[in-house]
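Let's take a walk through a protein together, one stop at a time. Have the picture open beside you as you read.

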Amino acid sequence: MRIAVLMSLIRPTGPIIVGISLGFTLSLLSGTWVSKSCDSDGMGSADEMLMAQPGSLKGARKPSSIFSGTTDNGNIEEDFKPRIVPYKKPVQQGPPKTIFRAKYASTELGIREHLFVSVFTSKTTLNTLAVAINRTLNHHMDGRLIFFTGTRNRKLPHGMFVVAHGDERPVPNMFHSVRYLLEHHIAEYDWFYLVQDFTYTQPDRLKTLVSHLSMDLKLYMGHPGEFIGGETQGRYCHGGPGFLLSRALLLKLQPVLEQCRTDIVSVRPDEWLGRCIIDYTGLSCVEEYEGLNYNHFAMENNIDLHRMEDDGFQNALTVYPVTSADLMYRLHKHFTEVELQRTYEEIEKLQSEIKNVSEVAVDGNKSAMWPIGIQPPFEPKSRFEVLRWDYFTEKHLFSCLDGAPKCQLSGADRDDVADVIKIAVAELNKKYSPVVKLSAPQLVNGYRRFDHTRGMEYTLDLQFQAMTESGHQKSIARRVHLVRPLSQVEIIPMPYVTEGTRVQVLLPLTSYESHIALRFLDHFSTNLFETGENAVLNLLFTYEPAEAQKVSTNDVFAEVKTKVAVVERRYPSVKVSWIGIKTESPGVLRILDIVSRKHPVDTLFLLVTSDTVLNLEFLNRCRMNAISGLQAFFPIHFQDFDPRVAYPEQTPPASPDLVREAGHFDRYTFEEACFYNSDYMTSRTRMPGDLQENEELLDSLDLYDVFLQYSGLHVFRAVEPALRQAYRNHTCDPRLNEDVFHRCLQSTLEGQGSRSQLAILIFEQGQGNST
């Protein structure tokens, strides 16, 4: 009872008591408690209080203390005054320093090439053995190949880099060669291979050896030999089999090379270099390093390469001495066949290992794609990406380039089909031999498609005559699948071209094109003259005999010449040149013959028509695609359709888009061309023989045929989206040869409109006639 009464009295005041207790507790916890100083007088000095470091508790005042405004010395402490820190302007920095960036990332990162090859030759063997080494070794090496000689002939073999030191003595020649490597190539390569021109080197084995050696090694590797007299400790590398020097070792020789030249006396260059290396680096020649061997073979005279079963010969890295260039080529052929056979064996071994591993995979044999090692087939993501199979027989192809449903199997296609059938028979005989032998193959059905991910695929239904070991014969059919894989993609080096080359634009004009030339001049002025493009316009006025007689009174090109004067006044820095040509047959070749003689041989010509609309984009591509002595460029322009067909009962747009309803790339016309004057002159010099047989050849041929038949250049033909022509009804010249005239007619017909547009037009006309 008493407890209940007590609780009833405490309950109203309980929260108040708890709140007061909690408030005191929090106030005590939030205060900063500082222990007093341990000085004898129980107080710390004012200096200690005021000079305490930030973050230290020593200088803090107790919360309970009262600041009196005086120090222990009786001095009144001034009130704290805030101090304004003046704004300091940042120090003006000069212009940023230009940071040099290397042209290639490998240079900036310090990545070096692996191997540099030096060949010692002479004036007498430069055109024989040295050429053979260059042909058998150069294109296999990723690094560089240089030939060192004392003196050389005036005319050097093509494609070889030769350094002549001017001294035929062997030891000075070796000294100058090593110094040349240190001065020019020591920072670019890790290993240096030095060899004589009478030594054959197997390039694949050399690259394999170097690839297993660390770049930081100090190594002198070759065929060791004892010094004459035996006074010098260590062994040197014979020069005959060649030897390897590391970059780190050559750097050790750099400061002492001149001293070796004066102190070491020797008549043999390999001994002289060996003594220099041993005396100043302490390294001796080694033939083996960590399981890697420098294998070489000393060859005897009249050796039969096909009967050489010696392991030393078959595994040799170098073979010497080689007495003739013919023997050098035979050695290269032999060792290339050996390496190729070993490669095939490694491929078969890898394929069998992949098959064995795929047996234990989740999907079994399905995880190993066929053929093994080739990219899997392309998998289309939509119906539009499905690759089409083309059907063929031994005589006909049922998907032709011209759109015909059936055409004769000829040329490369016929050779391709014959080769595929031959390979199929050989593989089947390899599989069934010796139980069954297949012969007399006949192609029943053939299918092929080009898969851009892996190559050309074939499916063949073949009929054979099968003969067993007992002599029984039977006709059987088998379906085989083959793949001709894509080979390794190679980057073909091209000559350097620049977009700054001046272009001479040639515009031949006849009298009926004079009004169209006015529009051409307007476009040319807007697109090229206003931007100051490096292009010169040449107008070629072709007069017929009757028109030439009236030039002084009634010039058919008077309006064009007036327009040219207006353009030149508008652009003072522009000069439009023009020439008049009197001819009865205004063929393009006759006109170019006259123009070609008036320009230097290195002139870049751009042949255009009055309908061509030029711009900077196409002009740059003309410069890039026309390469002197190598390539001529014939662009395929975009031809607009007849506006009455493409836009019936509509206003044609000022600049139509590149869509199939507006036009098409006209592959039947070859009117525009980019080429160098020297290439044209070369082509014309090869035509006199044919001109004697056919005097009308100059009038019947077009420029494309001339370059294709007589120039020997690569004729580059590609669509050009930046080159457009407005529609105009052309009239084909009946004096052209049959092929050119047919192309002109085809171009005119297909330039009317698309098939669907023409079909709709015919349908509407048919309905109108029926009503």
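Are Asp640 and Arg724 buried or exposed? Both Asp640 and Arg724 are buried, where buried means under 20% relative accessible area, exposed means over 50%, and partly exposed is in between (1.4 Å probe, protein chains only). Before we go on, a word on the model: it is predicted, so local features need pLDDT of at least 70 and side-chain atom pairs count only at pLDDT 80 or more, while totals for chains, interfaces and linings use all residues. Residues are numbered from 1 along each chain as its sequence is written, and side-chain values use heavy atoms, with hydrogens and water left out.

Back to our pair. Asp640 and Arg724 form a salt bridge, with their closest N and O atoms 3.0 Å apart; the term means a side-chain nitrogen of Lys or Arg within 4 Å of a carboxyl oxygen of Asp or Glu. This pair links distant parts of the chain, since Asp640 is in strand S25 (residues 631–640) and Arg724 in strand S28 (residues 714–725), 84 residues apart. Names like these come from DSSP runs, numbered from the N terminus: helices are H or I with at least four residues, and strands are E with at least two. Side chains of opposite charge can pair when their charged atoms come close. The whole structure holds 30 salt bridges.

Another of them joins Arg519 and Asp611, whose closest N and O atoms are 3.4 Å apart. Arg519 lies in helix H13 and Asp611 in the loop between strand S23 (604–607) and strand S24 (612–613), so this pair ties together parts that are 92 residues apart in sequence.

Asp413, Asp416, Asp419, Arg448 and Arg484 are linked in one. Look for Arg448 in strand S17 (residues 436–451), where it is buried with a relative accessible area of 9%. Its side chain makes polar contacts with the side chains of Asp413, at 3.1 Å, and Asp416, at 3.2 Å. A polar contact is a pair of N or O atoms within 3.5 Å; within protein, one must be able to donate a hydrogen and the other to accept it, and residues adjacent in sequence count only if both atoms are side-chain atoms.

Now for the rings. The structure holds 27 aromatic pairs, meaning rings of Phe, Tyr and Trp (its six-membered ring) with centres within 6.5 Å; planes under 30 degrees apart count as stacked, over 60 as edge-to-face and the rest as tilted. The rings of Phe116 and Phe192 have centres 5.8 Å apart and planes at 50 degrees, so this pair is tilted. Phe116 lies in strand S1 (residues 113–120) and Phe192 in strand S4 (residues 189–196), so the pair ties together parts 76 residues apart in sequence. Both Phe116 and Phe192 are buried.

Our last stop is helix H6 (residues 203–211), whose buried residues are Pro203, Arg205, Leu206, Leu209 and Val210. Seen down the axis of H6, these residues fall within an arc of 165 degrees, so they line one face of the helix; the arc is that of the directions from the helix axis to the C-beta atoms.
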